[in-house]
Amino acid sequence: MAAFSVWLAAIRPKTLSLSLTPVVVGTALAYADTGSVAWLPAVGALLAAALIQAGTNLHNDVSDFESGTDTAKRLGPLRATAQGWIEPGRVRAAYRFSFAAAFILGIYLVFVGGWPILALGLASLAAAAAYSAGPFPISSYPVGELFVFVFFGLAAVAGSYYLQTPMLGENSLLAGSALGLLAAAVLVVNNYRDSETDASSGRRTLAVLIGPALSKMEYALLLIAPFCLLPLMNLPQATAVTIMLPWLTLPWGLYLIYRIFKIPRSSQLNALLAQTAQLQVGFGGLLALTAIL
């Protein structure tokens, strides 16, 4: 494979939207409340989020290979390190560079937002580094969904909102919860697909513990719950038309729920995983549009 496509496979660009969408939504909500956007902090937050996500993916790529989790029985997309496309040492250097670049950007963001942004940034980097490695890797235990909910939803939206205001708004917490639930649904598909190989390698993800039937129910609940949070949001500038925009993604969500109950536990779930990430983008994008119109 060409070098560029190999690194793209390792970085997994399709997953970057999970970290970028919450920043966009948090910034849009801040604009709705203040009427302005501080563009430099907004762009800095977007870049830092992308770097942390890319670093986490690279870290996961090499760590799963070295721990023996990635085997020939894997149903997910091929991994760069496991396939021998990139040497483990180069992947380790790449994720360290990503984390270091995010840390440098974080220094500027701390200058803008103060100690709450410092605490959030350090926690994000620590969680990213601990996701696939260390004595208790997050990805091997039944806390992955909680980790994703907090860092890819609640903290990302509220932190981006805080950078702009600086304060915590009720809408940012509700929107962060909604996006975090959708991001957690992406992980549910991943862990449901891999539950057999995860169990054989000693992992105890939530999907391994509760089994396929309850995993599918969990997925359904995570896709429905964000729409239950929408009526709780107070967007006084929204019109009767714009307030309905995020609801346009509900039929899509219902279709994905139908799909997970129909698709066998196989590589066919890879498409469902990507579509669930796209649902988060669609929901978040329309929510951001509702806030700024």
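## Salt bridges, nonpolar cores and aromatic pairs

Arg-203 counts as buried, at 9% relative accessibility. Here buried means under 20% relative accessible area, exposed means over 50%, and partly exposed covers the values in between, with a 1.4 Å probe applied to protein chains only. The structure is a predicted model, in which local features need pLDDT of at least 70 and side-chain atom pairs count only at pLDDT 80 or more, while totals for chains, interfaces and linings use all residues. Residues are numbered from 1 along each chain as its sequence is written, and side-chain values use heavy atoms, with hydrogens and water left out.

**Salt bridges**

The structure holds 3 salt bridges. A salt bridge is a side-chain nitrogen of Lys or Arg within 4 Å of a carboxyl oxygen of Asp or Glu.

| Salt bridge | N to O distance |
|---|---|
| Arg-193 and Asp-194 | 2.8 Å |
| Asp-198 and Arg-203 | 3.6 Å |
| Glu-196 and Arg-265 | 3.1 Å |

The pair of Glu-196 and Arg-265 links distant parts of the chain, with Glu-196 in helix α8 and Arg-265 in the loop between α10 and α11, 69 residues apart. Helices (H or I, at least four residues) and strands (E, at least two) are DSSP runs, numbered from the N terminus. Glu-196 is exposed, at 56% relative accessibility, and Arg-265 is partly exposed at 29%. In the pair of Arg-193 and Asp-194, Arg-193 is buried, with a relative accessible area of 3%, and Asp-194 is buried as well, at 5%. Asp-198, the partner of Arg-203, is also buried, at 3% relative accessibility.

**Thr-205**

Asp-198 is among the contacts of Thr-205. Thr-205 lies in the loop between α8 (195-200) and α9 (206-229), and it is buried, with a relative accessible area of 1%. Neighbours within four places in sequence aside, Thr-205 is also in contact with Ser-139, Ser-140, Tyr-141, Pro-142 and Asn-191, contact being heavy atoms within 4.5 Å.

**Nonpolar cores**

A nonpolar core is a set of buried Ala, Val, Leu, Ile, Met, Phe, Trp, Tyr and Cys residues joined through side-chain atoms within 4.5 Å. The largest such core has 49 residues, of which Leu-29 and Tyr-219 touch the most other members. At least two residues of this core come from each of α2 (17-34), α6 (144-164), α7 (170-193), α9, α10 (250-262) and α11 (269-292). Helix α7 supplies the largest share, 14 residues. Apart from this core lies another one of 14 residues, with Ile-52, Ile-86, Phe-99 and Ala-102 among them. Leu-29 itself touches Val-157, Tyr-161, Asn-171, Ser-172, Ala-175, Met-233, Leu-235 and Ala-291, residues up to four places away in sequence not being counted.

**Aromatic pairs**

A pair of aromatic rings is described by the distance of the centres and the angle of the planes. Rings of Phe, Tyr and Trp (its six-membered ring) pair if their centres lie within 6.5 Å; planes under 30 degrees apart count as stacked, over 60 as edge-to-face and the rest as tilted. The structure holds 7 aromatic pairs. In one of them, the ring centres of Phe-227 and Trp-247 are 5.7 Å apart and the planes stand at 40 degrees, so the pair is tilted. Because Phe-227 lies in helix α9 and Trp-247 in the loop between α9 and α10, the pair ties together parts that are 20 residues apart in sequence. Phe-227 is buried, with a relative accessible area of 3%, whereas Trp-247 is partly exposed, at 29%. One aromatic cluster is formed by Tyr-131, Phe-147, Phe-151 and Phe-152.
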